[in-house]
Amino acid sequence: MSGAFELAGMRQLPKEEPAQKEKWYKGKPIVAAVVLMLILWGCLCCNLIMTKDPVYMDLANCNVPPCKEFLFGTDTMGRDIFSMIWYGGRISLVIGIAAAFISTAVAIIFGAVSGSAPKWMDGLMMRLTDILISIPGLLAVVLIQAVLGRADILGLSFVIGITSWTAIAKVVRTETRRLRGSDYVTASKCMGGSFFHVLFHHLAPNFISSIMFMVVMNIRSAMIAEATLSFMGIGLPVGVISWGSMLSLAEQALLTNAWWTIVIPGVFLIVTLLCMTSIGNYMRKNANRRHSNL
């Protein structure tokens with residue numbers, strides 16, 4: 001009889017296996033961050049690792065392939081490419097960061113004004129943004145740069161910056177319209193808070209995480225634009241060393257079979273851009289995940 005009947009609740013349920021904790025580095029661009037930090041360190045501390053004067057033209061050693069004395073070889077003017085890589089990387093990064101700063105500042109102010117404005121003004125400003133977005137960015141940069149004439153670091157950063165703010169402005173405008181009715185924004189306005197006070201103390205902290213990946217992508221795009229303009233001959237002059245101006249010697253390098261003068265700067269530029277893209281995509285996924293949890 002004992003085998004025919006069982007008391008309810010006496011059977012032991014199988015123990016659930018504890019859920020494995022997700023490894024902290026899973027899905028994070030660790031390799032990209034490390035490689036980018038090494039490149040940044042090399043560019044910022046180039047005086048510690050340069051083996052030659054990057055601007056010195058050693059005419060007796062033109063188009064020398066990579067060797068013990070010239071680790072990355074020399075270009076058509078006898079300049080040491082290894083030293084030029086680290087020295088010129090600073091210029092490329094400065095242009096990218098400066099252009100991204102300008103575009104972000106313009107986008108935040110324009111987007112916040114549009115999001116806070118009456119409906120008719122908001123619509124007008126967004127139509128202007130749509131028109132500017134429809135113009136290819138590189139074409140606008142080439143046009144403005146051709147009008148301004150000879151390029152320098154600050155001028156090129158300004159031209160790239162004022163032509164790449166539209167996408168961020170749309171995001172800022174959307175976030176501003178979502179947040180402008182919040183209690184703390186209303187209270188700040190009632191207490192006499194100015195537009196910029198409300199923007200930087202109440203609005204910006206809430207949407208800055210949503211645009212950070214776009215800022216990183218703008219740094220990448222600015223570096224691409226600088227390299228493209230220099231390659232086309234309307235960017236930085238050859239005398240100003242950057243990764244883009246080094247690539248502008250491609251025609252002479254191909255004629256002399258000096259492949260290292262374009263391959264090595266191109267590899268450094270591509271690796272840097274890929275690292276920024278990986279980090280930017282990770283930040284975008286985090287921002288989307290955060291919004292989906294709200």
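Trainee: On a 1 Å grid over the protein atoms alone, a pocket is an open set of points where a 1.4 Å probe fits, with protein on both sides within 12 Å along at least five of seven lines. How much space lies in the second largest pocket?

Mentor: About 180 Å³, where the volume is the space filled by probe spheres set on the points, and points are joined across faces, edges and corners. This is a predicted model, so local features need pLDDT of at least 70 and side-chain atom pairs count only at pLDDT 80 or more, while totals for chains, interfaces and linings use all residues. Residues are numbered from 1 along each chain as its sequence is written, and side-chain values use heavy atoms, with hydrogens and water left out.

Trainee: Which elements give two or more residues to the lining of that second largest pocket?

Mentor: α4, α5 and α7; these are helices, meaning DSSP runs of H or I with at least four residues, numbered from the N terminus. A lining residue has an atom within 4 Å of a point, and here the lining includes L132, I133, S164 and W165.

Trainee: How does that lining divide by class?

Mentor: Into 7 nonpolar, 4 polar and no charged residues. Ala, Val, Leu, Ile, Met, Phe, Trp, Tyr, Cys and Pro count as nonpolar, Asp, Glu, Lys and Arg as charged, and the others, Gly among them, as polar.

Trainee: And the largest pocket, how much space is that?

Mentor: About 240 Å³. Its lining has 13 residues, and I160, S164, S221, A222 and A225 lie nearest the centre. Helix α9 gives the most to that lining, 7 residues. By class the lining has 7 nonpolar, 6 polar and no charged residues.

Trainee: What is N218 in contact with?

Mentor: A100, S103, S164 and I168, leaving aside neighbours within four places in sequence. Contact means heavy atoms within 4.5 Å.

Trainee: New topic. How many aromatic pairs are there?

Mentor: The count is 8. Rings of Phe, Tyr and Trp (its six-membered ring) pair if their centres lie within 6.5 Å; planes under 30 degrees apart are stacked, over 60 edge-to-face, the rest tilted. One of the pairs, F72 and F268, is tilted, at 6.1 Å centre to centre and 55° between the planes. F72 sits in the loop between α2 and α3 and F268 in helix α12, 196 residues apart.

Trainee: Which residues do ring pairs link into a cluster?

Mentor: F72, F82, W86, W243 and F268. W243 also touches residues including I39, C43, I85, M223 and L269.

Trainee: How many residues are in the largest nonpolar core?

Mentor: It has 52, and I85, F207, M223 and W243 have the most contacts inside it. A nonpolar core is a set of buried Ala, Val, Leu, Ile, Met, Phe, Trp, Tyr and Cys residues joined through side-chain atoms within 4.5 Å. The largest share, 13 residues, comes from α9. A second, separate core of 12 residues includes L156, V159, I160 and L236.

Definitions and conventions: Buried < 20%, exposed > 50% of the residue type's maximum accessible area, 1.4 Å probe, protein only.
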